[in-house]
Amino acid sequence: MVKNLDRIVYKIVVSTEMIDIVEARMTYQPTKEGMIMAEGKKEQVTQSGIDRRTFIKTTGIVTGSVLLGGFHFVRLSQAQDTGPIKVGFPIPLTGPYGTEAKDQQAGAELAIAQINAKGGILGRKVELLVRDTKLNAAEAARRAKELIESEHVHIMSGVLSAANQLAVNEQCKLHGIPYVSVSQANEITQRPDNSIYTYHEAMDPHMTTQAVGEYVAKKYGKKWYFLTSDYAYGWQMTDGFIRRGKEYGAKSVGETKHPLGTSDYSSYMPRILAAKPDVLFLNNFGKDQINSAKQATAFGLKKKMQIVCPILLMSSRLGGGEEPFDGVIGGTSFYWEMNHPTAKEFVAAFQKANGRPPIDYAGYAYGGVKEILMGVERAGSLDPTKLAEAIEGRTYDNYKGPQWWRPCDHQSQQDVFIIKSKKAKAEYDVFQIIQTVSGKGERLLRTCIEVGQNPSKPIRSGLIEKK
Amino acid sequence: MEWTAIVMQLFTGLSLGMLYVLLALGLSIIFGLLTVVNFAHGAMYMWGAYAGVATVAITGNFWLALLVAPLVVGGYGLLVERTLIRPLYGRDINYPLLLTFGLQFIMIEIIRIFWGTSDYPFQAPEALSMPLEIFGIFYFPAYRVFVIGLTVVICFVLWFFLERTNLGLIIKAGTRDSLMVKALGIDMGRIWWLVFGIGSALAGIAGVLAAPIRSVFPEMGLAMLVECFVVVVVGGMGSLKGAILSGIIMGEAIAITTLFYPQMADIVIFLVMAVVLLIRPSGLFGRAGLLE
């Protein structure tokens, strides 16, 4: 029941945003005809003193059909065909995921700097517009709307945390802006959220848990306990692990859900100890991951169980230090010391620009932004269908090995790496890749049918017809 | 559920409550005497943690950090009182409130500029990194036991200072009726100055104590500040006894809620506040009329 609350809340947020948009367009600057009508009505308002709402009601019926018909025409006429190609990048710069957001920004900046150095896209420079979402879905939706309506961005990327991604995606779908999502979420590539405009460069919780769960089930015990961040990300991780665990005979001996942003986990420890699990999964992220690993270590949990993070973040390992993460294993999409030619190029360029190696979230942002912009270049225009055709089914290798865009849902298929925290010999030398779990042949992905799509057709839902 | 788990949970609650106690004491002592609602208290707590990180980075000595952090933050408090708070005495209670509210963002921004937004690792000292056996039934991190012990010592020292020294008695008298104390020829300005420093130092020591348990980052004080205001309001604005009792109650409330319904853990303190304020509108040990 509570599970749906999150979604309901953002749906409400999004729908109120929609009302705002419609209202704003009705009242202010719609098409030429509408403009004349609105101007005329505005005078009436001042004369007779009717409030805005009554004004909308009376004019709405008359102008509504004209306006809604011209709705998308408005946007297109506003979008500039010359000047730079603008990429909107709302990220949670402040809040518990601030460190990872900074790396997302650095990754996107690098991709764009490289593209601009080679002459840009379609002969135009590319520009990155970063906004702070404060890790709040409503704020993310507002920032995205602002980027689209005031800044007229052509492409959207960025965002961290599932609820925020969905909120931004909703705005992008509404306005027909291609959005390449660069952090984990299951729903984003699933009905009803996905669309022809939506691309998901990052792994999703399902893939992550299939890969990590498989490794853990084979290697460690069968009694699993979950310490879960109480929102979509955490729930999906737990669900995924339980599903994968069943195939290997592992079972859950308990789950504790904690509020996002909890700083003290000591009161969760007695319960975990009492359940006597073989493996403890920390299904949380950012500072929550640091704090829970730090405190689990202090309570001596590591002596009794293996600690596993579905996504073991380099930023957490650096922020938490060596001791809390000693021996902890987890999954990742990328680690800077991996031995692969494109990875080495990316790391060298990133290091040159930022003075330090990139984390996995910098990799997503770099790969995703580069991929969609190169897609625009190949398509020869910003037309959504041409762009989709230029990307779908493509095998590419931007920074970490081969990836593949599945046409039915725009999910990027990729390998997952299992890493283990080690004693650092140098400042950023913190992990060791202990296994590469191959993503080939959609083995880690949900099937097209599971995500509500037709396996034999590329996704075309949500396409806005143009006048 | 095994009874040992419940005992351990109660013990956890006690250790959780200790940070609240330290921070609430600082807030309460400042409010009790100066009627200044110090919104920069959370930022001072954060500065305490960073002062600790810096000291350990330079000297490698945690015990020194425990000394340096309250001195740095306390000294900063003295400076703030003299330069910023003092001109606002005698005005509406909202003036210093707004001032410190702004000050906290400046303090956070300073840290962001010089230290960045990332977390800083901070380990408990070697001697306290082993789990300790408690009552022979469960293990508990030695560091947290140390935090409980140190908080008890600080509470005792504070009690001794306020009840058994001349200066403390002046402070107590000033809390009751500062005009009368002034009339007796005592320079209340200096007393206020000192008390603001003590309150700030308490935030500093709470910060450095929290650093090995929680991650150290610029906004670490924001959530803590809200929780501590709840603790102070429940205990009664300006009451030290109330701050201690309410801090422990909140720690236990969180611990017990976590055991039975963890999703509620971060709002249970607000429920407790609502219930307490319904029964006792000025808090457990609050004096009526302080805010008017």
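Two residues are in contact if their C-beta atoms, placed from the backbone, lie within 7 Å. By that rule, and leaving aside neighbours within four places in sequence, Ser421(A) is in contact with Leu312(A), Arg317(A), Phe325(A), Asp326(A), Gly327(A), Val328(A), Val430(A) and Phe431(A).

This is a predicted model, in which local features need pLDDT of at least 70 and side-chain atom pairs count only at pLDDT 80 or more, while totals for chains, interfaces and linings use all residues. Residues are numbered from 1 along each chain as its sequence is written, and chains are lettered from A and ligands numbered from 1 in the order in which they are written.

**Ser421 and chain A**

Ser421(A) sits in strand β14 (residues 416–421) of chain A. Helices (H or I, at least four residues) and strands (E, at least two) are DSSP runs, numbered from the N terminus. Ser421(A) is buried, with 25 other C-beta atoms within 10 Å. A residue is buried if 20 or more other C-beta atoms lie within 10 Å of its own, exposed if 12 or fewer, and partly exposed in between. Ser421(A) and Arg317(A) are 104 residues apart in sequence, yet 7.7 Å apart C-alpha to C-alpha.

Chain A has 15 helices and 15 strands. Of its 467 residues, 54% are buried. Among contacts in chain A with a separation of 6 or more, 71% join residues 24 or more positions apart.

**A three-strand sheet**

In chain A, three strands form an open sheet in the order β11-β12-β13, with antiparallel pairing. β11 (395–396) and β13 (412–413) of chain A stand at the edges with a single partner strand each, so one side of each has no neighbour in the sheet. Two strands pair if DSSP finds at least two bridges between them. β11(A) and β12 (residues 403–405) of chain A pair over two bridges. Tyr396(A) stands opposite Gln403(A) in β12(A).

**Backbone details**

The peptide bond from Arg191(A) to Pro192(A) is cis, with omega near 0°. Pro192(A) lies in the loop between β4 (179–181) and β5 (198–200) of chain A.

**The core**

A nonpolar core is a set of buried Ala, Val, Leu, Ile, Met, Phe, Trp, Tyr and Cys residues joined through C-beta atoms within 7 Å. The largest one has 216 residues; among the members that touch the most others are Leu280(A), Val369(A), Leu23(B) and Ala206(B). Helix α1 (residues 3–34) of chain B gives the most to this core, 18 residues. Leaving aside neighbours within four places in sequence, Ala206(B) is in contact with Leu19(B), Leu22(B), Leu23(B), Tyr45(B) and Gly48(B).

**Where the chains meet**

The contact between the chains takes 33 residues from chain B and 31 residues from chain A. On the chain B side, α1, β2 (138–141), α5 and α10 (240–260) each supply at least two residues. The largest share of that side, seven residues, comes from α1(B).

**A helix pair in chain B**

The axes of α5 (residues 142–164) and α6 (residues 166–176) of chain B come within 5 Å and cross at roughly 80°. These axes are lines fitted to C-alpha atoms over the stretch in contact, with angles from 0 to 180 degrees between N-to-C directions. The contact involves Phe161(B), Leu162(B), Glu163(B) and Arg164(B) of α5(B), and Gly168(B), Ile171(B) and Lys172(B) of α6(B).
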